Amino acid sequence: MKDAETRKLAKALQRAHAGETAAYLAYQGHWKSLRNVDPVASERIREIQDDEWDHRQAVQWMLKEVESEPNGVRDFVFTVIGYLASFLCYIVPMKWSAYGARVIETIGDVEYKELAELARDAGYPAMAVELEFMGKTEK
């Protein structure tokens with residue numbers, strides 16, 4: 001049976017997994033909407049999208065480490081949110097899309113710092129180091 005700290009970590013990792021899914025999809029629309037307008041920015045945003053996928057995969061591995069799995073309902077809701085954000089990138093001004101991306105990254109940075117602390121509290125120091133690193137790439 002998992003202790004309270006590990007259960008808390010698992011729930012937080014489920015939230016992070018769903019968030020990374022939404023971010024990945026949102027960035028997909030962001031870079032594609034810019035590819036004909038600003039190819040350099042578009043390519044950089046595509047690289048950020050790749051980072052989001054890598055983070056999602058890492059979080060999935062971490063969930064297995066704590067004997068848990070993604071929350072299907074939360075993932076579905078955040079997938080819808082991600083597709084909506086992706087679609088909006090084609091119809092809102094570019095600066096709004098950029099602002100949305102900054103908000104996503106700021107939330108991700110804070111979330112990964114909190115996750116690292118939870119991992120440390122639950123007895124997963126190596127996971128905490130990885131989560132801290134992931135948070136730094138969110139900036």
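Modeller: The expected span of a helix is 1.5 Å times one less than its number of residues. The model considered here is a predicted one.

Colleague: How many residues does helix 5 have, and what span should they give?

Modeller: Helix 5 covers residues 125-137, and its 13 residues should span 18 Å. The C-alpha atoms at its ends are 19 Å apart, which agrees with that expectation.

Colleague: Which residues of helix 5 are buried?

Modeller: A general idea comes first. An α-helix has 3.6 residues a turn, so residues three or four places apart point the same way. In helix 5, the buried residues are M127, A128, L131, M134 and G135. These residues cover an arc of only 120° around the axis, which puts them on the same side of helix 5.

Colleague: Which residues are exposed on the other side of helix 5?

Modeller: On that other side, P125, A126, V129, F133 and K136 are exposed. E130 also belongs to helix 5, and at 34% relative accessibility E130 counts as partly exposed, because that class lies between the cut-offs of 20% and 50%.

Colleague: What separates the C-alpha atoms of E130 and D38?

Modeller: E130 and D38 are 92 residues apart along the chain, and a distance of 33 Å separates their C-alpha atoms.

Colleague: Is E67 buried or exposed?

Modeller: E67 has a relative accessible area of 65% and is therefore exposed, the cut-off being over 50%.

Colleague: Which residues make the nonpolar surface patch?

Modeller: V73, F76, V77, V80 and I81 make this patch, with an area of about 470 Å². One of them, I81, has its place in helix 3. I81 counts as partly exposed, with a relative accessibility of 41%.

Colleague: Where does S33 lie, and is S33 buried or exposed?

Modeller: S33 is part of helix 1, which comprises residues 4-34. Its relative accessibility is 19%, so S33 counts as buried, the cut-off being under 20%.

Colleague: Which backbone atom lies 2.9 Å from a polar atom of the S33 side chain?

Modeller: That atom is the backbone oxygen of H30, at 2.9 Å from a polar side-chain atom of S33.

Note on methods
Residues numbered from 1 in each chain as written. Predicted model: local features only at pLDDT ≥ 70, side-chain atom pairs only at ≥ 80, totals over all residues. Heavy atoms only, no water. Helix = DSSP H or I, 4+ residues; strand = E, 2+ residues; numbered from the N terminus. Buried < 20%, exposed > 50% of the residue type's maximum accessible area, 1.4 Å probe, protein only. Arc of directions from axis to C-beta. Patch = residues over 30% accessible without salt bridge, like charges linked within 9 Å, V, L, I, M, F, W, Y side chains within 5 Å. Areas by Shrake-Rupley, 256 points an atom, 1.4 Å probe, with all protein chains shown as cover. Salt bridge = Lys/Arg side-chain N within 4 Å of Asp/Glu carboxyl O. Polar contact = N/O pair within 3.5 Å; in protein donor to acceptor, adjacent residues only side chain to side chain.
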